[in-house]
Amino acid sequence: MSDITTLAGLLDLVRVRIMAGLTDKDAASRLPVLATRDAQGWPSARSMVLRGFDAGDWTLDVHSDADAAKVLQLTDGPRAMLQFWDAEASLQVRMRAHVIRLPHEQEKALWEQVPEAARSQYGTVPPPGTPIAAADAWHPNPRPARFAVLRARILRIEALHIGDIHRRARFEREEGWQGSWLVP
Ligand SMILES: Cc1cc2nc3c(=O)[nH]c(=O)nc-3n(C[C@H](O)[C@H](O)[C@H](O)COP(=O)(O)O)c2cc1C
């Protein structure tokens with residue numbers, strides 16, 4: 001059990017709860033919200049499946065159709081936020097991140113691990129978000145060139161634990177994740 005009365009313990013809880021999302025389909029961190037900005041500066045947020053987490057380096061991976069708006073937005077500028085509310089742990093996690101697309105060779109290697117049935121998510125004709133005359137006026141055309149692996153390098157974590165008292169803390173990569181308490 002993580003001791004959420006200490007900064008290190010609260011950060012440990014964040015780590016444990018993100019890791020749960022890799023193996024437990026019901027864990028809240030399985031479906032983080034990824035927020036970006038569109039070309040006009042409007043916030044643009046959507047649910048994504050967590051596909052990878054490096055708990056030592058604090059990087060998260062998600063997968064997308066390469067022609068989806070979020071990928072184009074992140075190519076324009078890598079600043080993003082990932083967020084989830086974990087009711088089981090009474091924990092909100094907000095993560096500021098630089099998100100980059102992995103080099104194509106790495107994406108191709110990961111594509112080999114995507115189950116056949118899941119590949120249809122990566123490559124539609126026309127591309128995701130295109131206006132169409134009827135709901136079914138599109139078809140899948142999965143291919144590795146349309147498989148984007150987005151790697152989020154977490155720069156800042158804000159944790160809010162809801163409990164007998166609410167506890168809020170901020171952890172910065174640049175400060176070695178030591179953390180500081182904030183008014184909730
Ligand atoms: C439960 C759930 C899981 C989703 N997982 C993903 C995902 O892993 N990758 C993805 O690109 N879109 C995923 N989506 C769809 C996105 O939320 C979004 O609608 C889509 O990617 C288009 O977003 P964009 O136009 O902003 O790029 C998921 C949606 C839901 C409801």
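The side chains of Asp86 and Arg17 come together in a salt bridge, with a distance of 2.6 Å from N to O. Because Asp86 belongs to strand E5 (residues 79-86) and Arg17 to helix H1 (residues 7-23), this pair ties together parts of the chain that are 69 residues apart in sequence. Asp86 counts as buried, with a relative accessibility of 2%, and Arg17 counts as buried as well, at 14%. The model described here is a predicted one, and a search of the whole structure finds 14 salt bridges in it.

## Further salt bridges

Another salt bridge joins the side chains of Glu107 and Arg101, where the N to O distance is 2.8 Å. Glu107 is buried, at 1% relative accessibility, whereas Arg101 is partly exposed, with a relative accessible area of 34%.

Arg156 also forms a salt bridge, in this case with Glu172, and the closest N and O atoms of the two are 2.9 Å apart. Since Arg156 lies in strand E9 (residues 147-161) and Glu172 in strand E10 (residues 167-172), the pair ties together parts that are 16 residues apart in sequence. Glu172 counts as buried, its relative accessibility being 17%.

## The largest pocket

The largest pocket holds about 290 Å³ of space. Its lining is made up of 15 residues, and those that lie nearest the centre of the pocket are Arg51, His63, Gln113, Val114 and Pro115. Strand E4 (59-65) and strand E9 each supply at least two residues of this lining. By residue class, the lining of the largest pocket divides into 8 nonpolar, 3 polar and 4 charged residues.

## The second largest pocket

The second largest pocket has a volume of about 230 Å³. The residues that line this pocket are Thr36, Arg37, Asp38, Ala39, Gln73, Leu74, Asp76, Gly77, Pro78 and Arg79. Strand E1 (33-37) and helix H2 (69-76) each contribute at least two residues to the lining, and the largest share, 3 residues, comes from H2. The lining of the second largest pocket divides into 3 nonpolar, 3 polar and 4 charged residues.

Terms used. Residues are numbered from 1 along each chain as its sequence is written. This is a predicted model: local features need pLDDT of at least 70, side-chain atom pairs count only at pLDDT 80 or more; totals for chains, interfaces and linings use all residues. Side-chain values use heavy atoms; hydrogens and water are left out. A salt bridge is a side-chain nitrogen of Lys or Arg within 4 Å of a carboxyl oxygen of Asp or Glu. Helices (H or I, at least four residues) and strands (E, at least two) are DSSP runs, numbered from the N terminus. Buried means under 20% relative accessible area, exposed over 50%, partly exposed in between (1.4 Å probe, protein chains only). On a 1 Å grid over the protein atoms alone, a cavity is a set of points where a 1.4 Å probe fits but cannot get out, and a pocket is an open set with protein on both sides within 12 Å along at least five of seven lines; lining residues have an atom within 4 Å of a point. Grid points are joined across faces, edges and corners, and a volume is the space filled by probe spheres set on the points. Ala, Val, Leu, Ile, Met, Phe, Trp, Tyr, Cys and Pro count as nonpolar, Asp, Glu, Lys and Arg as charged, and the others, Gly among them, as polar.
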